[in-house]
Amino acid sequence: GVLAVVEGVHMFASTLRSASAPCSPEQLRHTGCVWEACTAVAQLPRTQCEAVAQWLKSQQRLLQDALGELEQVKESNGASDCGLEELEAALGMEGDDEDETEEAVEWSDKEKNLAICVEGLVKASKAVVKKLATAIVAAPKEKSKELSPSMDEIGTCVKKLSACVDDVVCSLPAPINSDELAGLIDVLAVELRTVLDRAKTSPLCGENAVSWIEFLSKAVDHNHQKFHSFLT
């Protein structure tokens with residue numbers, strides 16, 4: 001943001017010194033870059049609360065993308081070509097291996113049940129981040145410095161949570177490695193409970209947060225336990 005403004009002004013000044021005529025196309029282009037950068041700076045968050053809320057919303061979008069990927073795998077019943085069709089098209093290799101085409105591997109009934117539990121945990125992850133972003137947006141601006149340690153702690157937890165969700169979703173295409181997925185699910189459940197525990201004790205979340213924290217905690221426990229019951 002600020003760096004872009006400085007670089008834009010520097011380039012603009014350079015063109016003014018070297019230009020043979022006023023209002024050259026190059027000068028106009030750099031003027032536009034300066035204005036664009038200034039507009040971006042004006043839209044930067046003014047407080048740490050705004051910055052963290054903005055970042056949490058970006059994590060929320062990433063979790064929504066992960067949920068979308070999960071839905072795509074569900075629609076294909078676990079089958080995945082790992083993007084080979086797009087790669088073959090890009091390399092002009094469509095149809096080269098028509099005779100070698102194998103039937104896509106799909107989920108077994110057991111794997112379908114595991115995927116349902118995974119979906120429940122991913123949805124809980126998204127819901128937690130959404131609730132935290134809403135709480136931070138509503139936090140009094142004058143208390144931004146006081147709330148800083150809590151926001152930093154929650155940010156660290158959410159970053160770990162988001163990474164766990166990515167790992168879990170990437171492990172869903174058939175055939176599922178049950179042992180590997182179980183380990184990832186255990187880690188995800190731990191990170192979810194950690195975020196919820198931090199929210200429970202955080203000054204960012206008042207008494208109104210108790211109900212949604214308890215609800216999501218129960219959802220995490222339910223899906224985690226159910227996942228392991230399907231493994232046996």
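**View 1. E119 is buried, with a relative accessible area of 8%.** Buried means under 20% relative accessible area, exposed means over 50%, and partly exposed is in between (1.4 Å probe, protein chains only). What you're looking at is a predicted model, where local features need pLDDT of at least 70 and side-chain atom pairs count only at pLDDT 80 or more, while totals for chains, interfaces and linings use all residues. Residues are numbered from 1 along each chain as its sequence is written, and side-chain values use heavy atoms, with hydrogens and water left out. Now look for K74: its side chain meets that of E119 in a salt bridge (3.0 Å, N to O). This pair ties together distant parts of the chain, with E119 in helix 5 and K74 in helix 3, 45 residues apart. Helices here are DSSP runs (H or I, at least four residues), numbered from the N terminus. K74 itself is partly exposed, at 34% relative accessible area.

**View 2. K123 also pairs with E119 in a salt bridge.** A salt bridge here puts a side-chain nitrogen of Lys or Arg within 4 Å of a carboxyl oxygen of Asp or Glu. For K123 and E119, the closest N and O atoms are 3.5 Å apart. Both residues sit in helix 5, four residues apart, or about one turn of the helix. K123 counts as partly exposed because its relative accessible area is 43%. Through shared partners, salt bridges join K74, E119 and K123 into one network. By the same rule, the count comes to five salt bridges.

View 3. D109 is exposed, with 58% relative accessibility, while K112 is partly exposed at 34%.

**View 4. Here is the largest nonpolar core, with 54 residues.** Such a core is a set of buried Ala, Val, Leu, Ile, Met, Phe, Trp, Tyr and Cys residues joined through side-chain atoms within 4.5 Å. Pick out V118, L132 and W212, the ones with the most contacts inside the core. Helix 3, helix 5 (109-138), helix 6, helix 7 and helix 8 (209-231) each give two or more residues. Helix 5 supplies the largest share, 13 residues.

**View 5. D65, E69, D166, D167 and E180 form a negative surface patch.** Helix 3 (48-75) and helix 6 (144-170) are the elements that give two or more residues to the patch. Patch members have over 30% relative accessible area and no salt bridge, with like charges joined within 9 Å; Asp and Glu count as negative, and the place of a charge is CG of Asp or CD of Glu. E180 belongs to helix 7 (residues 178-201). With 44% relative accessibility, E180 is partly exposed.

**View 6. E142 sits in the loop between helix 5 and helix 6.** E142 is exposed, with a relative accessible area of 67%. Look for C49 as well: E142 and C49 are 93 residues apart along the chain, and their C-alpha atoms are separated by 9.9 Å.

Note on methods:
Patch = residues over 30% accessible without salt bridge, like charges linked within 9 Å, V, L, I, M, F, W, Y side chains within 5 Å. Areas by Shrake-Rupley, 256 points an atom, 1.4 Å probe, with all protein chains shown as cover.
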